[in-house]
Amino acid sequence: MSGTETGYNYAYLDEQTKRMLRRVILKAVAIPGYQVPFGNREMPMPHGWGTGGIQVTASIIGPDDVLKVIDQGADDTTNAVSIRSFFAKTAGVATTTRTEEATIVQTRHRIPEKPLKEGQILVYQVPIPEPLRWLEPRETETRKMHALSEYGIMHVRLYEDIATHGRIATSYDYPVQVNERYIMRPSPIPKFDNPKMDMNPALQLFGAGREKRIYAVPPYTKVKSLDFDDHPFEVQRWDESCALCGATDSFLDEIVTSDRGDRMFVCSDSDYCGDRQAARRKEAAE
Amino acid sequence: MYVSVKGGERAIAAAHKLLAEERRGDPEVPELTLPQIEQQLSLAVTRVMSEGALYDPELAALAIKQARGDLVEAIFLLRAYRTTLPRFATSLPIDTGRMDVRRRVSATFKDIPGGQVLGPTFDYTHRLLDFDLAEPKPVAAPDAEESEPQAAQPMPSVAAILGQEGLLEPEEPGDESAPLTDLTREPLSFPAGREARLQALARGDEGFLLSLGYSTQRGYGRNHPFAGEIRMGDVTVEIQPEELPFPIGIGEIEVTECQMVNSFKGSKTKPPQFTRGYGLTFGHGERKAMSMALVDRALRCRELGEEPSSPAQDEEFVLYHCDSLEASGFVQHLKLPHYVDFQSELVMVREMRERAAAARKAEAAE
């Protein structure tokens, strides 16, 4: 299949590479939460810009797909715009900002507020895939710890947080246990989004390009945020509601509006917020 | 009103336009041509080819022009192009013993068969700015006396000379039928074989390897190096097509090779002898080749029964962090928005401060 951008294959990667990636993804789906090493390719964007997620998307995308790309929950952040136009150009694929219309949603740092459905794929861009990395810098060691389910140090760390701060002092990239087996990093999503991963009907794929790892959470898989019986997992809450749509149930970004420190709070998910604003306008008109 | 991230598409297009203007600079000044870069900035070209892992001086020159002389960015451009290229064949190992040598020095022997050849080196220049270069000058006619062609002499490698006495560890070829690791196709795994290590170092950032190599000389993983031989020149690249009984040359490339010879007191299984570190780059890249050889030797510590104690001897540390694409990308990704993570931290820090303030108040009240 030839691409729309002259000189490159469909969706940029050559077919051999895509086949390799698909095999890796299948393995990842078969072992939920396990980090599968893969032969990362240089992409025309820098590492840290989402090369892992882009490679995953490039290997699964087809002409019938509809792609949505978000960064910080929004479709119009510069990097989301850049990645969306990359696939529009190299794969000639339809794009959307509407979560419910997308077959593939590539994301950095958020899970959309609208619930995902069966058949949808959520592709996460992952900077550091290893949940034990800050506790043990050596890959040779952490692989062993995963193999043996030796997760004591993680629980000790969480306990130390409680002992020092009275709570678990992690607000994003909050570790989870997948299918009662592997401890997994959900990528730097706020812990607010963690509950959405659990028993999600969509397939969740995670790509870390620089670190050369792909992992997955298949549909309807148990994903548990680590906690203790007497310190149960909690998500962030705001006293404010969204200044634009009035939502009280979404993740709010804080916008500084003046040099006197005035602030407003708005939904980080621009699609969710836009829909609610449209509904409000419609209501007001009726 | 809330406008901070809207209009991303227009902003990107405008930024690209500005970038193109900055790249061109003052339009009164003639535009650089690729042959000018290739010929007159040839060491930049060879560095980009080496770390870009693609031997193509013209494309490297284009990358340097496009990157406005930012070599790490140019290396990135070349790598991103390279990864899309099909592979026709795997070449046979190049034979640097049959190199058409233009420079060859040994720091271990005063004279060596084939002689020492200084070649085009900065080594004995005085680093005084040459103000004559400030203005273009007509090219002088070649000096008849100096351009006398040298009789081709065989130049056996210095390592081979030492090897005859068994003083230098032999370089045993591995199992040649075993598949070689290809870092551009497979992820690094540990312990990495020497071929994977040398591939990573060859593509690794010159500055990083230079500093690591330097650290071994200052005692962080000291390995008593001598520059056994540094040679630079052209070698033929050959492939062995399945349908032919003999290899065919497909072209020549310029390479720099460094054989570092290191003292070694011996271990339980090996007698005292000299050991080796190896460095190879495309083009003329002595600083990189020597640094690479020092780091290669440092990373052989386990194999030689030495206790690893320093950063240069730490395989995961060196190989995971030597790639400029990975390092530059991840450091610079901090420029990308992190509003959501930062907001999460804000919420948490505020709550923790409130809790701490409440606790202090309660204490004061008691």
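## Helix packing in chain B

Let's start with helix α3 (residues 42-52) of chain B, whose axis comes within 9 Å of the axis of α4(B), the two crossing at roughly 100°. Helices here are DSSP runs of H or I with at least four residues, strands are E runs of at least two, and both are numbered from the N terminus. The axes are lines fitted to C-alpha atoms, for helices over the stretch in contact, with angles running from 0 to 180 degrees between N-to-C directions. So α3(B) and α4(B) are roughly perpendicular to each other (65 to 115 degrees; under 35 is roughly parallel, over 145 roughly antiparallel, and the rest oblique). On the α3(B) side, the contact (heavy atoms within 4.5 Å) uses B:Ala44, B:Val45, B:Val48 and B:Met49, and these meet B:Pro57, B:Ala60, B:Ala61 and B:Ile64 of α4(B). By class, that contact of α3(B) with α4(B) comes to eight nonpolar, no polar and no charged residues. Nonpolar covers Ala, Val, Leu, Ile, Met, Phe, Trp, Tyr, Cys and Pro, charged covers Asp, Glu, Lys and Arg, and the others, Gly among them, are polar.

Helix α4 (residues 57-66) of chain B also packs on helix α5 (residues 71-82) of chain B, with axes that come within 8 Å and cross at roughly 130°. That angle is why α4(B) is oblique to α5(B). From α4(B) come B:Leu59, B:Ala60, B:Ala63, B:Ile64 and B:Gln66, while α5(B) brings B:Leu71, B:Ala74, B:Leu77, B:Leu78 and B:Tyr81. The contact of α4(B) with α5(B) has nine nonpolar residues, one polar and no charged.

## About the model

This is a predicted model, where local features need pLDDT of at least 70 and side-chain atom pairs count only at pLDDT 80 or more, while totals for chains, interfaces and linings use all residues. Residues are numbered from 1 along each chain as its sequence is written, chains are lettered from A and ligands numbered from 1 in the order in which they are written, and side-chain values use heavy atoms, with hydrogens and water left out.

## A helix pair in chain A

Over in chain A, the axes of helix α2 (residues 51-60) and helix α3 (residues 78-91) come within 12 Å and cross at roughly 25°. That is why α2(A) and α3(A) count as roughly parallel to each other. Here, too, the crossing is right-handed, with α2(A) passing α3(A). A:Ile54, A:Thr57 and A:Ala58 of α2(A) touch A:Ile83, A:Phe86 and A:Phe87 of α3(A). That gives the contact of α2(A) with α3(A) five nonpolar residues, one polar and no charged.

## Domains

Chain A is assigned domain 1 (15-225) and domain 2 (237-286), with bounds that come from an automatic or database domain assignment. Their C-alpha centres lie 27 Å apart. Domain 1 of chain A puts 15 residues into the contact and domain 2 of chain A puts in 11 residues. Together they bury about 990 Å², 47% of it on carbon and sulfur atoms; buried area is the accessible area (1.4 Å probe) that two parts lose on being put together, summed over both. A:Glu113, A:Lys114 and A:Phe192 supply 47% of the area domain 1 of chain A buries against domain 2 of chain A, more than any other three residues.

Chain B splits into domain 1 (10-82), domain 2 (96-120 + 151-170 + 181-328) and domain 3 (337-365). The C-alpha centres of domain 2 of chain B and domain 3 of chain B are 54 Å apart.

## Where the chains meet

Chain A contributes 60 residues to the contact and chain B contributes 45 residues. About 4400 Å² is buried between chain A and chain B, with 60% from carbon and sulfur atoms. In chain A, A:Glu42, A:Trp49 and A:Arg167 lose the most area to chain B, together 14% of what that side buries.

B:Phe190 and B:Pro191 are joined by a cis peptide bond, with omega about 0°. B:Pro191 sits in the loop between α6 (158-163) and α7 (194-203) of chain B. In chain A, A:Met199 has a positive phi of about 55° although it is not a glycine. A:Met199 lies in the loop between α6 (194-197) and β8 (203-208) of chain A.

Definitions and conventions
A crossing is left-handed if the near helix is turned anticlockwise from the far one by less than a right angle, and right-handed if clockwise.
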